[in-house]
Amino acid sequence: MQGGIAIAGLSPVVIPVFVSNLGCTHRCIFCDQSQFSPPMPPEGVPALVDDFLAHCRRPDERRRILAFYGGSFTGIAPRLLEGYLSVTARLLSEGRIHGAKASTRPDMVSPSILHALGRNGFTELELGIQSMDDAVLAASLRGHSRDDATRACTLVKESGMRLGIQIMPGLPGEDAANFQQTVEEVARLRPDSARIYPVVVLGGTRLEGLFLQGEYRPLTLEEAVSRALYASVVLEGHGCTILRMGLPASPGLRVIAGPFHPAFGFLVRARGYRIMAQRMTDVLGGGCELTVNPRDLPELLGYRRNTLLELSFSYRSDDTLPRGFIRAKSARESACIQLQDILEYIL
Ligand code: SF4
């Protein structure tokens, strides 16, 4: 029971409130300044919640979470922040929401701010870690260090709130080896959820200037897919839920260059299945039969069925097989593989 109502097995409703760049002390090199529409003021939040829920399916039967995105929430000036916290607490006491979360920078997390968030119904904080390499962070004008990220993650975990993280493969100065190190360090911090956003060059950013001067080379789509796959497999192996991979397509997004793809997350998962399928056909021979959970079948077949076209196998689905596995069978033998088995073949 939550807020006096039974929560059915439906996904939660996440109600986004954009505080557009509020609280940001730095303008990060990749951040698109033109995306910042005026932030939603605290007094506008209740109407936004009502309007959002009016367009949701069965909102009364779902857990409803208010989510402050798009800026550095805990860096917002105290009086304004107090406005957001008290409107959240009011919506919570009225039973209109069941909890709240926010995103912020790692250098703006302290025990006192976490305490204030917890008192006002926040259950999760998402930190823009982006990289755990100080040189990469400096080149990206992030204005915080790896130690800030470690400290902030530890504080969030100790506070009892859920920890979300964001990482960005392809930042200036990053290579496959230091990205791998970032992923392993972040995984050890035990985040509950993660978003993986490969860097794309957006119009209006300082990164666009570097790109146009030939001083920054974005990842290819192929490289970005590999790094995101590596990160997702390692993080999932540590019990972390991947919430999103790749920037969402939106009408205002001005992509100048870089690994943007509207189905980026699918490409990543399909790459994982492609590597597993390749391993199985190498071991058992072409023409073997591959079985996956029905929900994993699109990933096995690949984007536009290209894995099926390139590798020679027959396929079937079996809902008793856990997700993330392939069972393979040839006339003489059978074998099984899971995503965790392919780590060494990804990067
Ligand atoms: S902290 Fe986040 S929102 Fe603020 S400028 Fe950097 S990337 Fe943009």
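1. Arg305 sits in the loop between α10 (297-301) and α11 (306-310). In this predicted model, Arg305 has a positive phi of about 60 degrees, although it is not a glycine. Arg305 counts as exposed, because 12 other C-beta atoms lie within 10 Å and the cut-off for exposed is 12 or fewer.

2. Gln130 also has a positive phi without being a glycine, here of about 65 degrees. Its setting is strand β4. Gln130 is buried, with 26 other C-beta atoms within 10 Å; the cut-off for buried is 20 or more. One of the residues that touch Gln130 is Ile167, which is taken up again under point 6.

3. On the overall build, the protein chain has 11 helices and 13 strands. The radius of gyration is 22 Å, close to the 20 Å that the globule rule gives for 347 residues, so the chain is as compact as a globular protein of that length. The C-alpha trace spans about 70 × 55 × 40 Å along its principal axes. Buried residues make up 41% of the 347 residues. Of the contacts with a separation of 6 or more, 78% are between residues 24 or more positions apart.

4. The chain is divided into domain 1 (13-262) and domain 2 (267-345). Their C-alpha centres lie 33 Å apart. Nine residues from domain 1 and seven residues from domain 2 make up the contact. On the side of domain 1 that touches domain 2, the largest share, seven residues, comes from α8.

5. The largest nonpolar core has 89 residues, and those that touch the most other members are Ile167, Ala228, Met276, Ala277, Met280, Leu290 and Ile326. Helix α9 (residues 264-284) gives the largest share of this core, 10 residues. As background, nonpolar side chains tend to be buried together in soluble globular proteins.

6. Leaving out residues up to four places away in sequence, Ile167 touches Ile129, Gln130, Thr182, Val186, Ala194, Ile196 and Ala231. Two residues of that list, Thr182 and Val186, are among the buried residues of α6, the helix treated next.

7. Helix α6 (residues 176-188) has 13 residues, which at 1.5 Å a residue should span 18 Å; the end C-alpha atoms are 19 Å apart, which agrees. Which residues of α6 are buried? They are Phe179, Thr182, Val183 and Val186. Seen down the helix axis, the buried residues fall within an arc of 95 degrees, so they line one face of α6. Ala177 and Arg188, on the other side of α6, are exposed.

8. The buried residues of α6 pack against β4 (122-130), β5 (162-167) and α8 (221-237). The strand β4 is the one that holds Gln130, and α8 is the helix that gives domain 1 the largest share of its side touching domain 2. Just after α6, Arg190 takes a positive phi of about 60 degrees.

9. Pro12 is placed in the segment before β1 (13-18). With 13 other C-beta atoms within 10 Å, Pro12 is partly exposed. Pro12 and Arg62 are 50 residues apart in sequence but 5.4 Å apart in space, C-alpha to C-alpha. Apart from neighbours within four places in sequence, Pro12 is in contact with Arg62, Arg63, Arg64 and Ile65.

10. Glu82 lies in helix α2 (residues 78-93). Glu82 is partly exposed, with 14 other C-beta atoms within 10 Å. How far apart in space are Glu82 and His26? The C-alpha to C-alpha distance is 22 Å, for a pair 56 residues apart in sequence.

Methods
Residues numbered from 1 in each chain as written. Predicted model: local features only at pLDDT ≥ 70, side-chain atom pairs only at ≥ 80, totals over all residues. Core = buried A, V, L, I, M, F, W, Y, C linked by C-beta atoms within 7 Å. Helix = DSSP H or I, 4+ residues; strand = E, 2+ residues; numbered from the N terminus. Contact = placed C-beta atoms within 7 Å. Expected span 1.5 Å × (residues − 1). Arc of directions from axis to C-beta. Rg over C-alpha atoms; globule rule 2.2 N^0.38 Å. Domains from an automatic or database assignment.
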